[in-house]
Amino acid sequence: MQRNVKTVVSPFHELLCSLHVLYQPEHHPNRLQWARDIKRKMPPALLEGIYTLGRLSDQWMALMLPGRSGAPLQATDGINLLKDLPDAEFIHLLLNNKVTLGTILEWQRGSGRANPIGDDGPDEAGKYLLQHTASIRNQLIKTLETYEQNYFCKEWDYVMPWINTAAAQFQESFSRSAEKALNTLHPRLHAAEGKITAQKAVTYYFAYEDLQNVYVLPSTFIFPHLLIDWTADSLVLPLAVDIPGLPCSEAPPEDLLRQFKALGDATRLRILKLLWQGPHCTKQLAPILGISEAAVSKQLKLLSEAGLAGAERKGNYLFYTSHKEAFDSLIVLQRQYLEQ
């Protein structure tokens, strides 16, 4: 195991972690005040670019360049790599490896076959990326270059000594006891008995013998995340670097509060149970629940705002479904807050 673990100080990956915080600051209590301060200084166009591209790139984390995390990247080098990626690889990266590269190549040829998301070709996200690849890439590069030059460059100069110190301390600890050092990275990460265990919404197991590379990325932004990236034979783990004196927020994240509020009502829970079984419109739900369609719509709005449900128009009606993945995320969000 010791031969396979490498601590990587990478400005480009820290840049992406900082953009992730700007996209969703309420989940990063140690960086919440920083995010608020820097966003007040940013022009609206840059902020809009950060939000738009964050939605397209799994909150910026899809751009971590899987397979290249073992190489320290200067911010400009990482941006140039994104600039030069072939279109299919660029789309593959934005979709966070959820669709195979072969499938994307088929999409580009217009065949739409062998789609793991559905049987009818790319989903809405895939279609959008296919149709706007050049403009999305241009916006991405412009946003990254502007942010790096005007904001991140100064921040990196400030955090670099802390990151280098933490990396050296971790390496020293690791040289004495690999498993003990890995077990300090996160409360829900455990290395023992020949495997690394990561407890998220589900528990992931990584056998030592299967891991060719384990990269540890020190970051002042990544807390409280547990995993950065993983493949069949590689694992990227965060090393949270604390900077003394940074203000820390004790407030629960707003989206977590919205989800708890949405779940704290008997009628909304009944609606979610029905949506879990399949799509329903308000005309179907009203007689089952014994309330008016207007009352159903009000409850569905709260569920949608909390991210627990969504709608798709079919003919004259909106059919609502539950966002089942949101319930997995809810477990993680609760743990992250309680562990802070």
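**Helices and rings**

Start with a contact between two helices. On the helix 4 side, the residues are A75, T76, I79, L82, K83 and D84. They meet R137, L140, I141, L144, E145 and E148 in helix 8. Keep in mind that this is a predicted model.

How do these two helices pack? Helix 4 covers residues 75-84, and helix 8 covers residues 133-176. Their axes are 10 Å apart, at an angle of about 175 degrees. Angles over 145 degrees count as roughly antiparallel, so helix 4 is roughly antiparallel to helix 8.

Now the aromatic rings. How many aromatic pairs are there? The count comes to eight. Take W34 and F221. Their ring centres are 4.8 Å apart and their planes stand at 65 degrees, so this pair is edge-to-face. W34 lies in helix 2, residues 32-41. F221 lies in the loop between strand 5 (213-219) and strand 6 (229-230). So the pair ties together parts that are 187 residues apart in sequence.

Are these two buried or exposed? The cut-off for buried is under 20% relative accessible area. W34 has 14%, so W34 is buried. F221 has 1%, so F221 is buried too.

R31 lies over the face of its ring, at 3.9 Å from the ring centre.

Next pair: Y147 and F152. The ring centres are 6.3 Å apart and the planes are at 35 degrees, so this pair is tilted. Y147 is buried, at 0% relative accessibility. F152 is buried as well, at 2%.

Last stop, helix 14. This helix has 16 residues, 324-339.

Which residues of helix 14 are buried? They are A326, F327, L330, V332, L333 and Q336. And what covers them? The cover includes helix 10 (254-263) and helix 11 (266-277).

Notes
Residues numbered from 1 in each chain as written. Predicted model: local features only at pLDDT ≥ 70, side-chain atom pairs only at ≥ 80, totals over all residues. Heavy atoms only, no water. Phe/Tyr/Trp six-rings, centres within 6.5 Å; stacked < 30°, edge-to-face > 60°. Helix = DSSP H or I, 4+ residues; strand = E, 2+ residues; numbered from the N terminus. Buried < 20%, exposed > 50% of the residue type's maximum accessible area, 1.4 Å probe, protein only. Lys NZ or Arg CZ within 6 Å of the ring centre and 35° of its normal. Expected span 1.5 Å × (residues − 1). Contact = heavy atoms within 4.5 Å. Axes fitted to C-alpha atoms, helices over the stretch in contact; angles between N-to-C directions. Parallel < 35°, antiparallel > 145°, perpendicular 65-115°, else oblique.
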